[in-house]
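Subject: Structure for you to look at

Hi,

Here is the structure I promised to send. Please open it and keep it in view while you read my notes below.

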Amino acid sequence: MLILGIESSCDETAASVVRDGVEVFSNVVSSQVEEHRKFGGVVPELASRRHCENILGVVGQAIEQAGVTLDDIDAIAVTYAPGLIGALLVGVNFAKGISLATGKPLVPVHHIAGHIAANYIAHSDLKPPYICLVASGGHSHIVEVVSYTEFKVHGRTRDDAAGECFDKAARAMGFPYPGGVHIDKATQSGNADEYKLPRPKVEGCEFDFSFSGLKTAVINLIHNAEQKGHTINKSNLAASLQKTISEILTEKTIGVAKRLGYKTIALAGGVSANTGIRGSFAKACEEEGFTLYMPPLSLCGDNGAMIACQGYFEFLSGRRADESLNAIATLSLENL
Ligand code: KG4
Ligand code: ZN
């Protein structure tokens, strides 16, 4: 069956046509990153306006590049939560419009479930249950993927997401937004042991994260050096930060897998494109005898294919929405 997936939760307008959850016929992503760069982060109001302008063209291209027509599409899947509310509303209303006009079923998709599903596109042998680390600009979750459509969260960030920590530290280092990828590149010639960075302790759940303190520590280190006229070695600082984040994410995710008796781990989300994180997980999983799945770089960030893929599994489980579907800015992955 052919699913049209639509994604507009942040600063990417994206649409894709996917067959049976795995075969990607088209995957069109229109990024607004250049425009938000001059503000050092996503400006929600601007993002909504750009989605409004872009969505018709992006969805049209996705259908055209797939070599199909709207008639051939069996269902429309759309990200309805979580994300920037004005941005989500554009995709949700566009999808509702297509569904109403064509009579085709509408399937609501949780954005984080979509990120997890990106793995099914690349790895046909991956099947629930398993443990997935979802790390993006807005989320850091350790998820038990009970089935394709049921999730339990065993660790989450108490404050900032890993991507936020990368991006704000990168900004203080003078890299353009979004800085995660620039930190990644800068680490290549860096010594990760030069700067000792804090590893925040979290009271209560041992698998929860806190990246706010780490972010502040890097920003303070840079400001203190500037005030004293000292130079920071950017590559070394980037490498130290990347190593610290990688170790925290790896240790906690492996910890959850061991506690629950899982031997399969997957990564998902924009931050899972990070070389250090991928390397750290590959090493730890090999040592522990775990199987590791990672999405290809092209499917780590926001895209429509992951929404179409998850939409397929939601469709099979009987999930449907009608014209009363609304966007939700914050929504737990559990009890969907
Ligand atoms: O999943 P995503 O595209 O959007 C959200 O749902 O948030 O993730 C975007 C995040 C940004 O914080 C970006 O800096 C980060 O993913 N990112 C990276 C890398 N590539 C993207 N962070 C570290 N290293 C990378 N190579
Ligand atoms: Zn995302």
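β6 and β7 make a hairpin, with four residues between them. This is a predicted model, so keep that in mind throughout. β6 covers residues 130–135. The pairing of β6 with β7 is antiparallel and has six bridges.

Strand β8 takes in residues 150–156, and six bridges join it to β7. These two strands also run antiparallel. A hairpin links β7 to β8, this time through two residues. For a bridge to find here, take Glu-144: its partner in β8 is Lys-152.

Next, move along to Gly-229. Where does it sit? Gly-229 lies in the loop between α7 (212–228) and α8 (234–260). Is Gly-229 buried or exposed? Its relative accessibility is 65%. The cut-off for exposed is over 50%, so Gly-229 counts as exposed.

One last pair to locate: Gly-229 and Val-22. They are 207 residues apart in sequence. In space, their C-alpha atoms are 54 Å apart.

Best wishes

Terms used
Residues are numbered from 1 along each chain as its sequence is written. Chains are lettered from A and ligands numbered from 1 in the order in which they are written. This is a predicted model: local features need pLDDT of at least 70, side-chain atom pairs count only at pLDDT 80 or more; totals for chains, interfaces and linings use all residues. Side-chain values use heavy atoms; hydrogens and water are left out. Two strands pair if DSSP finds at least two bridges between them. Buried means under 20% relative accessible area, exposed over 50%, partly exposed in between (1.4 Å probe, protein chains only).
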